[in-house]
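Subject: Structure handover

Hello,

Please find the structure below, followed by notes on what was found in it.

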Amino acid sequence: MKSKVRKTAENALYAVAVVGLIFAVWSIAAAVVGSEFIMPTVPDTFRALGETLALPSFWRALGATLLRCALSFAVSVALFFALFFLSSAFDAAARIVRPIVSVLRTLPTMAVSLVLAIWTGAKVAPIVLGVLVIMPVLYSSAAARAGTVPKELREIARLCGAGRAQRFFNVTLPYASGGFSESLPSALSFTVKIVIAAEILMQTAGSIGILMYKAQVYYMTATLLALVAAAVIVSVALEYIARAVLVVTLSRFDG
């Protein structure tokens, strides 16, 4: 118990030290540059953050962006799970799914987002882009872990009369789930980054991305940094929440 408390305290101390170092370097850089349009000071940025948080338009934009992130992540997880089950249970499906996933992983993200903007519109395209980026990552991670399942274990399950679904849920999934507590939270925070980046590129109305775009266009650098800080805080918070939930949910697969 004492060692766990000590480790937590040490981690918190390191985090504070890193943040302090960042602020110190930031302050020095702002003093050297001497221009609020290029490098605003730390107080100016925090002042801009406070003003931004006080705007109802910011919260509406944040809600719209988070809704896109949630939809994109949910579809990514559902599609990944369906494809993972099919490719694990049926060899023919695996021969089809794996090349498709490989192609999706090599797609140029920004170029695809421009095409999606034409096909689906600026509000839907970030959601689709998130799925195209996140789903292959989740699938590849799970497939790699599933590849460590001993063939003897699969064969024993088959000889005992277990069907395809039973072998998947009782043999393959427990092996693959060992990485879910890391891959899923990371994928969630990555989804936030992908969606916001797509919103910026597509100038999606009523989003965090368009607020960042406007701040950059009008050289409101302090506001831009404040919006970036808000996005980072939300992304990190979602990742830690998801990680905590998954650690508890997947604990039955330990070992």
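How many salt bridges does the structure hold? The structure holds four, where a salt bridge is a side-chain nitrogen of Lys or Arg within 4 Å of a carboxyl oxygen of Asp or Glu.

Some conventions before the details. This is a predicted model, in which local features need pLDDT of at least 70 and side-chain atom pairs count only at pLDDT 80 or more, while totals for chains, interfaces and linings use all residues. Residues are numbered from 1 along each chain as its sequence is written, and side-chain values use heavy atoms, with hydrogens and water left out.

Salt bridges

One of the four salt bridges joins the side chains of Asp44 and Arg47, at 2.6 Å from N to O. Asp44 and Arg47 are three residues apart in helix α2 (residues 42–53), and so are separated by about one helical turn. Helices here are DSSP runs of H or I with at least four residues, numbered from the N terminus. Asp44 is partly exposed at 25% relative accessibility, and Arg47 is partly exposed at 46%. For accessibility, buried means under 20% relative accessible area, exposed means over 50%, and partly exposed lies in between (1.4 Å probe, protein chains only).

Glu182 and Arg243 form another salt bridge, with their closest N and O atoms 2.7 Å apart. This pair links distant parts of the chain, since Glu182 is in helix α9 (residues 180–202) and Arg243 is in helix α11 (residues 221–249), 61 residues apart. Arg243 also meets Glu239 in a salt bridge, at 2.5 Å from N to O. Arg243 and Glu239 both lie in α11, four residues apart, or about one turn of the helix.

Aromatic pairs

There are six aromatic pairs in the structure. Rings of Phe, Tyr and Trp (its six-membered ring) pair if their centres lie within 6.5 Å; planes under 30 degrees apart count as stacked, over 60 as edge-to-face and the rest as tilted. Phe58 and Trp59 have ring centres 5.1 Å apart and planes at 75 degrees, so this pair is edge-to-face. Phe58 is buried, with a relative accessible area of 3%, while Trp59 is partly exposed at 49%.

The rings of Phe84 and Tyr139 also pair edge-to-face, because their planes are at 90 degrees, with the centres 6.4 Å apart. Phe84 lies in helix α3 and Tyr139 in helix α6, so the pair ties together parts that are 55 residues apart in sequence. Both residues, Phe84 and Tyr139, are buried. Ring pairs link Phe80, Phe84, Tyr139 and Phe180 into a cluster.

Helix α4

Helix α4 (residues 91–106) has 16 residues. Its buried residues are Ala93, Ala94, Val97, Val101 and Leu104. Seen down the axis of α4, these fall within an arc of 100 degrees, so they line one face of the helix; the arc is that of the directions from the helix axis to the C-beta atoms. The face turned away from the buried side carries the exposed residues Asp91, Arg95, Ile96, Arg98 and Thr106. The cover over the buried residues of α4 includes α3 (56–89) and α6 (125–146), judged by contact, meaning heavy atoms within 4.5 Å.

Regards

Conventions:
Helices (H or I, at least four residues) and strands (E, at least two) are DSSP runs, numbered from the N terminus. The expected span of a helix is 1.5 Å times one less than its number of residues.
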